[in-house]
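Work through the two exercises below with the sequence and model open. Try each task before reading its solution.

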Amino acid sequence: MSAQFATTGLRRLLRGVPRPRPVRLLELPANQQGTISILSTFALLMFTMLLLLVTNVAQQLDDKVKMQNAVDAATYSGGVVLARGMNAIAFANHLECDVLAVVAFLREARDRNAEQLVPEVLEHWRLAGEKFTPAQFEKFRPLPTAIPDKADKEQPLVTAWSELAASAAAYALPVFEYILGTPENVPPRTDDHLIPNFQRAILQTIPTYAQEVTNEVALRHGVPAERTTQVGPTVRYNPQSAANNRGPQFGVLWRTRVLPVGIGDESDPMMRTLPVVDPDPSQSDYYAVPNGADYLARSQRERRNLVHHYLNAWVNDDNLMRGLGFFGREAKMSQFQELFRIAACGQINQLLDVEYPTTNVPMMLRRDFGQGWSDNEVLEDDYAFVGVAYRAHVPEMGPRMFSNPLDRAGVDAVTFAQISLYVPRSMYACCPWATPWYDRFGNLHWVVYTNGWPNRWDTFAQNWMVQLTPATAENLPDILQTNPGGYAASVRPPPLGGVTMRDLDAVNTH
């Protein structure tokens, strides 16, 4: 009893004595139910954060790809408009020279100068036929009769064709002379030259159209159809109060001189978008360029060559209703084809040297290659363009957990692309090898069949094209951080500070 009492008393005494923590933990209940709930909560939170992170990254990458596709399409579309503008200038240059050739052709048809020389030519053929009368060779004996007979048949043909051409000239010549406008030697002179006026309108309007096309294609790629309204050929954006509305996607086409296409002054020939100069001394371009007389001289030289080319095409036409090719094959005795060509060349001299010496001249490239400028500088300044797409950033999922530092800084998402205007080389039409042939003298010639496209970089090539190129313009960082103004004045370009093109290449995968 005493031992039991002593043990009980000792336990009561030790209850108030502090014990080590491991001893206390060992005395806790061994039941572990509910532990998995705590671990699952932390695991669920971790996976939720990971899911939001992956979703945000994927959303940003998807938006980057969509914006890049949009700016590629928008930039290319705007470049196509510029290429069509260059082709329109070239077409009008050809049309101008062709009209001058037609006027010379019809004026000679009206005046009938060549026809007056044909009787004398045929009379000399008749006299030549008489020389064969005493001929002893059998093959020469029919000539005294055949030559006069052929001359008698060619004269009515020349007369009939001349009457036909004179009738056509009376009907058509006033129309073509109206297109050319008032000659310089007929006071008072009015600026009514239709083809040059058409070209000047192209220089003013094409850049604006290119800019509108660039923006509209970017808008179509960035805004759902339910938020747009078709107004004629143009798409209008309808702002809505829906949550997470990012607004429209703007597209801007830039020149590499850090100037938006079509927004600046297009009247200055050294700064306009299309690299074309009007060499007419009555226009402002002649005095705004440093060497207007050189542009005029080159334009006059090109015009004369091309007018003679088109005149030869009209004279050599095999259709008897239009040209004189039949006379060159079947009625050579009269020499009417060559006489008409010579007389029409005199009409050309009258048109080019007296009536329109400095008007109705073809437009020329602003800085032609090989004229003392660096080719790389000319290519980048005049034929390279940069398209930029601007839009607000994609809203973040879990904004309290993740945030876009660029969006916090008030900077829009930006993508860019570069295009180049160019004249392609002639392509082989069938095979890239030459075909040998021998002429009637036995001389060997090699013929390479191509598509016949001119590959000169000038304002007479009508196959200007556009293609996407690597974005390597030196002024690209300045373009990206410059507000374009105009319809896109609300965009927030990134402040790149002192970033150079070399720095941009290091992080750019475009």
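This is a predicted model, where local features need pLDDT of at least 70, side-chain atom pairs count only at pLDDT 80 or more, and totals for chains, interfaces and linings use all residues. Residues are numbered from 1 along each chain as its sequence is written, and side-chain values use heavy atoms, with hydrogens and water left out.

**Exercise 1.** Determine which residues of strand 3 are buried on each side, and find the bridge partner of W254 in strand 7.

Solution.
1. Locate strand 3 at residues 250–255. Strands (E, at least two residues) are DSSP runs, numbered from the N terminus.
2. Sort the side chains. In a regular strand they alternate between the two faces of the sheet.
3. Check burial (under 20% relative accessible area, 1.4 Å probe, protein chains only). F250, V252 and W254 are buried on one side, and G251, L253 and R255 on the other.
4. Look for pairing, which takes at least two DSSP bridges. Strand 7 (residues 384–391) pairs antiparallel with strand 3 over six bridges. V386 is the bridge partner of W254.

**Exercise 2.** Classify the ring pair of F105 and W161, and say which helices hold the two residues.

Solution.
1. Apply the criteria: ring centres of Phe, Tyr and Trp (its six-membered ring) within 6.5 Å; planes under 30 degrees apart are stacked, over 60 edge-to-face, the rest tilted. The whole structure has 16 aromatic pairs.
2. Here the centres are 6.4 Å apart and the planes at 85°, so F105 and W161 are edge-to-face.
3. F105 lies in helix 3 (residues 35–111) and W161 in helix 5 (residues 143–180), so the pair ties together parts 56 residues apart in sequence. Helices are DSSP runs of H or I, at least four residues.
4. Check burial: F105 has 6% relative accessibility and is buried. W161, at 5%, is buried.

Notes. Buried means under 20% relative accessible area, exposed over 50%, partly exposed in between (1.4 Å probe, protein chains only).
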